[in-house]
Amino acid sequence: MNAESVIEFLGLVPLLQKLPSCSLKKIAQLVTVKHYEKGKYVIREGEIGEGLYFIWEGEAQVSGSFHCEEDLRADFQLKRYDCFGDGISVSVQQSNVIAFTKLTCLILPREHCILLRPKSIWSADKPPGTCSLVENILHVEPIEVNLFQGITLPDAPKFGKVFGGQFVGQALAAASKTVDCLKFVHSLHASFLLVGDFDIPIGYNVHRMRDGKSFATRRVEAIQKGIVVFTLFASFQKEEQGFDHQDVTMPLVAEPEMLLSMEELRERRLTDPRLPRTYRNKVAGMNFIPWPIEIKFCEPNTNTKQTKSPPSLRYWLRARGKLSDGQALHRCVAAYASDLIFFQVSLNPHRTRSLKTAAVSLDHSMWFHRSFRADDWILFSITSPVAHNARGFVSGHMFNRKGELIVSLTQEGLLREIPTLKQTATSKL
């Protein structure tokens, strides 16, 4: 039994799925190991236990259940990943717990059980209200085992519905909380089924498809009003040494410090005489709320949504504010940010002044190659190789500032032109 195996074990204990990775690692250092022979008492009724007990190996049984009916006996059996005892409070044991087989338990001493009460799923110390906005957006509340709840915050991007990146980020957050903290998502595949309602909570039901030594697989359903509106399939892997090469090169672009932010770009466009006056007036009249992701376009220009342009785009992005340290959070933030400006690039070559379109994301896939920080600048390079049969397709690469490829992405969506009703002259006779 080593520290790594203990961390993996604790990550699969349902009671601990709400804990940030830093808390799990601390608990792994603090637990003690005890062995019990078959029939030996672990805790006696009326005694004060040593803390919280986690069953590492074997089975235990609550006394009084040995003579119960066969179909109820399983309710009183404690197996691997089950826990019992007292956590925060000091109280006497209400019943006997006896080793049903040869038993091994990990015990978290009571004085350290405060670790079981983190401020959020991402941080043991920072409550959600003090974190960056995107970290708050990606906070999902554990409701019960494998079930989480997310909400749309008032100052979160909505676009008239639940933002697709919010679905991806929150679903990935829920899946990540059911996997031990030594495994990180390496690929995800999401399908957008129905439009989400941002006025009601979103339930995330996580299905544990597989838990292996190196890989784990999860399927997540996002549910509103009893209907599945979004699904995500994610695979997680423990980091290990292997072959290493990179054949794609980061584009040569200006450093983010030399570029305008979206807020600065907006202010300039309001007074740019090269842009149509109707467009400038429309921009000025829009209620502008800064996104939780800072974006700087690499090639600022005078194009508008009514101007044709090549089916490609490059921009720098990073989360606003300082994020907590867990790598799982940073990958969730990248998943969230990836849907802000991505699929729209497939429409660039088709834009005209009179064009009106309906665009809806259908599916979204990501492959994570390296660890990174989402509050550092990341270059997102996007291209749309094809649009056909009322569907647009985009692919993208994310690079860190060293030029290392950290994420590869694809997305497909529905692109339909909305017919414009032409007014015809009507005789007054």
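This is a predicted model: local features need pLDDT of at least 70, side-chain atom pairs count only at pLDDT 80 or more; totals for chains, interfaces and linings use all residues.
## The second largest pocket

By class, its lining has 5 nonpolar, 8 polar and 7 charged residues. The space inside comes to about 720 Å³.

Now for some helix packing. Two packed helices are described by the angle between their axes and the distance between the axes.

Take helix H5 (residues 164-176) and helix H8 (residues 327-337): their axes come within 7 Å and cross at roughly 160°. An angle over 145 degrees counts as roughly antiparallel, so H5 is roughly antiparallel to H8. The crossing of H5 and H8 is right-handed.

Which residues in H5 and H8 meet? On the H5 side, look for Gly165, Gln166, Val168, Gly169, Leu172, Ala173 and Ser176. Their partners in H8 are Ala328, Arg331, Cys332, Ala335 and Tyr336. Sorted by class, the contact of H5 with H8 has 7 nonpolar, 4 polar and 1 charged residues.

## Helices H1 and H2

Next, pick out helix H1 (residues 3-11) and helix H2 (residues 21-30). The axes of H1 and H2 come within 9 Å and cross at roughly 125°. That angle makes H1 oblique to H2. As for handedness, H1 and H2 cross in a right-handed way.

So who touches whom here? H1 brings Val6, Ile7, Leu10 and Gly11 to the contact, while H2 brings Leu24, Lys25, Ile27 and Ala28. By class, the contact of H1 with H2 has 6 nonpolar, 1 polar and 1 charged residues.

How values were computed
Residues are numbered from 1 along each chain as its sequence is written. Side-chain values use heavy atoms; hydrogens and water are left out. Axes are lines fitted to C-alpha atoms, for helices over the stretch in contact, and angles run from 0 to 180 degrees between N-to-C directions. Helices (H or I, at least four residues) and strands (E, at least two) are DSSP runs, numbered from the N terminus. Angles under 35 degrees count as roughly parallel, over 145 as roughly antiparallel, 65 to 115 as roughly perpendicular and the rest as oblique. A crossing is left-handed if the near helix is turned anticlockwise from the far one by less than a right angle, and right-handed if clockwise. Contact means heavy atoms within 4.5 Å. Ala, Val, Leu, Ile, Met, Phe, Trp, Tyr, Cys and Pro count as nonpolar, Asp, Glu, Lys and Arg as charged, and the others, Gly among them, as polar. On a 1 Å grid over the protein atoms alone, a cavity is a set of points where a 1.4 Å probe fits but cannot get out, and a pocket is an open set with protein on both sides within 12 Å along at least five of seven lines; lining residues have an atom within 4 Å of a point. Grid points are joined across faces, edges and corners, and a volume is the space filled by probe spheres set on the points.
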